[in-house]
Amino acid sequence: MWDPCGAEFLLEGFISANLEDVTVFNFPADAAQDDWAWTEVLGPGSGIIKMSSPKTINGDIVAIEMYIIKEMIPATLAPEIGIGIFSSDENWSDNGVLPNTATGDPAPLMTLKLQ
């Protein structure tokens, strides 16, 4: 979905649970890039993410606001990171991807400056 990606962390949870169940995974530096080698480093219920209630903006467009408590991520992060967001239904079919390109080609990651 994104180019380049090279993800080091995966945060996974359910919007229906207000992301209170988010689990944080880390990708080991020595793992092969084509492996699914994610290792849990922070279990559900840690409070690493806070999320607003979903709000319908227009038709089927729903907005949420959230923040991640960076001090809870078990690693030293660079002052600027790339971030991508993927939302799926219960069958893992995507229903939202940020950033996204209209052509379906991989998009560059969003850049987030940490303060």
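Trp92 counts as exposed, with a relative accessibility of 60%. This residue is found in the loop between β9 and β10, and Trp92 also belongs to a nonpolar patch on the surface together with Met1 and Phe86. The model described here is predicted. Its chain has a mean pLDDT of 84.

**Confidence**

- Of the residues in the chain, 99% reach a pLDDT of 70 or more.
- Strand β3, residues 39-42, has the highest confidence, with a mean of 92.
- Strand β10, residues 94-98, has the lowest, with a mean of 81.

**The three-stranded sheet**

- Three strands form an open sheet in the order β1-β2-β3, and their pairing is antiparallel.
- β1 (9-12) and β3 are the edge strands; each has a single partner strand, so one side of each has no neighbour in the sheet.
- From one strand to the next, the twist averages 35°.
- Between β1 and strand β2, residues 23-26, the antiparallel pairing runs over 4 bridges.
- Glu12 stands opposite Thr23 in β2, and Phe9 has Asn26 in β2 as its bridge partner.

- β9 and β10 run antiparallel and are joined by 4 bridges.
- Within this pairing, Ser88 has Asp94 in β10 as its bridge partner.
- The hairpin has 5 residues between its strands, and Trp92 takes a positive phi there.
- The phi of Trp92 is about 65°, although Trp92 is not a glycine.
- For comparison, most residues other than glycine have a negative phi.

**The nonpolar surface patch**

- Met1, Phe86 and Trp92 make up the patch, and together they have about 360 Å² of accessible area.
- Phe86 is found in strand β9, residues 85-88.
- Is Phe86 buried, partly exposed or exposed? Its relative accessible area is 33%, so Phe86 is partly exposed.
- Trp92, by contrast, counts as exposed at 60% relative accessibility.

**A cis peptide bond**

- Leu98 and Pro99 are joined by a cis peptide bond, with omega at about -15°.
- Most peptide bonds are trans.
- Pro99 lies in the loop between β10 and β11 (110-113).

- Thr103 is found in the loop between β10 and β11.
- Thr103 counts as exposed because its relative accessibility is 62%, and the cut-off for exposed is over 50%.
- How far apart in space are Thr103 and Trp2, C-alpha to C-alpha? The separation is 13 Å, while the two residues are 101 residues apart in sequence.

- Met66 is placed in strand β7, residues 66-68.
- With a relative accessible area of 39%, Met66 is partly exposed.
- The C-alpha atoms of Met66 and Leu42 are separated by 18 Å, and these residues are 24 residues apart along the chain.

- Val22 lies in the loop between β1 and β2.
- Why does Val22 count as buried? Its relative accessibility is 3%, and buried means under 20%.
- Val22 and Asp60 are 38 residues apart along the chain, and their C-alpha atoms are separated by 24 Å.

Conventions
Residues are numbered from 1 along each chain as its sequence is written. This is a predicted model: local features need pLDDT of at least 70, side-chain atom pairs count only at pLDDT 80 or more; totals for chains, interfaces and linings use all residues. Side-chain values use heavy atoms; hydrogens and water are left out. pLDDT is the predictor's confidence in each residue, from 0 to 100. Helices (H or I, at least four residues) and strands (E, at least two) are DSSP runs, numbered from the N terminus. Two strands pair if DSSP finds at least two bridges between them. Axes are lines fitted to C-alpha atoms, for helices over the stretch in contact, and angles run from 0 to 180 degrees between N-to-C directions. Patches are made of residues with over 30% relative accessible area and no salt bridge: like charges are joined within 9 Å, nonpolar side chains (Val, Leu, Ile, Met, Phe, Trp, Tyr) within 5 Å. Accessible areas come from the Shrake-Rupley method with a 1.4 Å probe; for residues, only the protein chains shown count as cover. A salt bridge is a side-chain nitrogen of Lys or Arg within 4 Å of a carboxyl oxygen of Asp or Glu. Buried means under 20% relative accessible area, exposed over 50%, partly exposed in between (1.4 Å probe, protein chains only).
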